[in-house]
Amino acid sequence: MARGAAFLGSKVAILGGAMSWVSERHLVAAISDAGGFGVIACGAMTTALLDREIAETRARTDRPFGVNLITMHPDLLALIEVCGRHRVGHVVLAGGLPPKGSLDAIKATGAKVICFAPALALARKLIRSGVDALVIEGMEAGGHIGPVSTGVLAQEMLPEIAEQVPVFVAGGIGRGEAIAGYLEMGAAGVQLGTRFVCASESIAHANFKRAFIRASARDAVASVQLDPRLPVIPVRALRNAGNERFTAKQREVAGRLDEAGVALAEAQLEIEHYWAGALRRAVIDGDVEHGSVMAGQSVGMVRQEEPAAAIVAELVTQAAAALGRRGGAAA
């Protein structure tokens, strides 16, 4: 973890997962102050909103933090420029391969680039492209997910790439013992989102937090794709009426595709906009029945609302104890 912490400039290499509407100034600053590495979820923010969010976060902490940008954002280069003006040290690109020119634009600001790699071939391609670090995230995670579990990705990818760049493992991590295991496999650190949703500093609605505290791992289910023409990325969220609404939304959009009432690209974007609105209804408005309560399978390990510092401290203590036990056994 020393390698990951040195790369991030944090005390411990625990990144806060970038969760839209949740990972904003209050939680990001709290995670960084706790010794971890907070990451602002830019999502669909405008340049003006991101500019204000970075400034407000910096006003709350003097510790390093990063910004997560979505590769499909139409103003990606302008958002990178905003990060550069604020001298953000680390930019995380999520949502697909970095568009042409984006890596160079980030590096020109002096920032480090972190990208998501859901497969070994893509990881190698990104490393050749010059990324500074990678996140490998398994399907146990909340929000948009890939098809492979965290454990399998770690086994396949860490032995091949961990010596080339710092690699952070994400998806389904809820305790320090799991962190210890991935560190032993070669990871430089980890990323957690679900565990931080119920941090005291999180602005998520009380209903949203209660849903997390009451949920078990089995309640966090992945959405189903109904039409192959709509290659929507599956989303993991707590089971509720909102999941059924998404199924109905897919049927509606597919029907308009059949009638040539909407172009394919427009249809796909409409699906993504559905998720953005549904997530806001749950996180901000507290409608946990009809909104999208995005959560990873580690939600069953979220048992109470507590400060971010307590969460980080518990994870570090558990990881250190696990590594200590293994060291003693080896001796």
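Reader: How many aromatic pairs does the count come to?
Author: The structure is a predicted model. Ring pairs here are those whose centres lie within 6.5 Å. By this rule, the count of aromatic pairs is 2.

Reader: Is the pair of Phe-7 and Phe-168 stacked or tilted?
Author: The ring centres of Phe-7 and Phe-168 are 6.3 Å apart, and their planes meet at 40 degrees. Planes under 30 degrees apart would count as stacked and those over 60 as edge-to-face.

Reader: How many residues apart are Phe-7 and Phe-168?
Author: Phe-7 belongs to helix α1 (residues 2-8), whereas Phe-168 belongs to strand β8 (residues 167-170). Both Phe-7 and Phe-168 are buried. Their pair links distant parts of the chain, with a separation of 161 residues.

Reader: Which helix holds both Phe-208 and Phe-212?
Author: The rings of Phe-208 and Phe-212 have centres 5.1 Å apart and planes at 35 degrees, so this pair is tilted. Phe-208 is buried at 1% relative accessibility, and Phe-212 is buried at 0%. The two residues are 4 apart, about one turn of the helix, and that helix is α9 (residues 206-214).

Reader: Which residue has its charged end over the ring of Trp-21?
Author: Trp-21 lies in the loop between β1 (14-16) and α2 (25-33). Its relative accessible area of 38% falls between the limits of 20% and 50%, so Trp-21 counts as partly exposed. The charged end over its ring, 5.1 Å from the ring centre, is that of Arg-280.

Reader: What is the phi of Arg-87?
Author: Most residues other than glycine have a negative phi. Trp-21, which is not a glycine, has a positive phi near 75 degrees. Arg-87 lies in the loop between α4 (76-85) and β4 (90-94) and is exposed at 69% relative accessibility. Arg-87 is not a glycine, yet its phi is positive, at about 55 degrees.

Reader: Are the faces of β4 covered or exposed?
Author: Of the 5 residues of β4, 5 are buried. One side carries His-90, Val-92 and Ala-94, and the other carries Val-91 and Leu-93. These residues are all buried, so both faces of β4 are covered.

Reader: Which residue of β4 is the bridge partner of Asn-68?
Author: Strand β3 (residues 65-70) and β4 run parallel and are joined by 5 bridges. In β4, the bridge partner of Asn-68 is Val-92.

Reader: How many charged residues are in the lining of the second largest pocket?
Author: The second largest pocket has a volume of about 160 Å³. Its lining comprises 13 residues, and those nearest its centre are Arg-195, Met-301, Arg-303, Glu-306 and Glu-314. By class, the lining has 5 nonpolar and 3 polar residues, and the number of charged residues is 5.

Reader: What distance separates the C-alpha atoms of Ala-313 and His-290?
Author: Ala-313 is found in helix α12 (residues 308-330). Its relative accessibility of 40% lies between 20% and 50%, so Ala-313 counts as partly exposed. Ala-313 and His-290 are 23 residues apart along the chain, and their C-alpha atoms are separated by 34 Å.

Definitions and conventions: Residues are numbered from 1 along each chain as its sequence is written. This is a predicted model: local features need pLDDT of at least 70, side-chain atom pairs count only at pLDDT 80 or more; totals for chains, interfaces and linings use all residues. Side-chain values use heavy atoms; hydrogens and water are left out. Buried means under 20% relative accessible area, exposed over 50%, partly exposed in between (1.4 Å probe, protein chains only). On a 1 Å grid over the protein atoms alone, a cavity is a set of points where a 1.4 Å probe fits but cannot get out, and a pocket is an open set with protein on both sides within 12 Å along at least five of seven lines; lining residues have an atom within 4 Å of a point. Grid points are joined across faces, edges and corners, and a volume is the space filled by probe spheres set on the points. Ala, Val, Leu, Ile, Met, Phe, Trp, Tyr, Cys and Pro count as nonpolar, Asp, Glu, Lys and Arg as charged, and the others, Gly among them, as polar. Rings of Phe, Tyr and Trp (its six-membered ring) pair if their centres lie within 6.5 Å; planes under 30 degrees apart count as stacked, over 60 as edge-to-face and the rest as tilted. A charge sits over a ring if NZ of Lys or CZ of Arg is within 6 Å of the ring centre and within 35 degrees of the ring normal. Two strands pair if DSSP finds at least two bridges between them.
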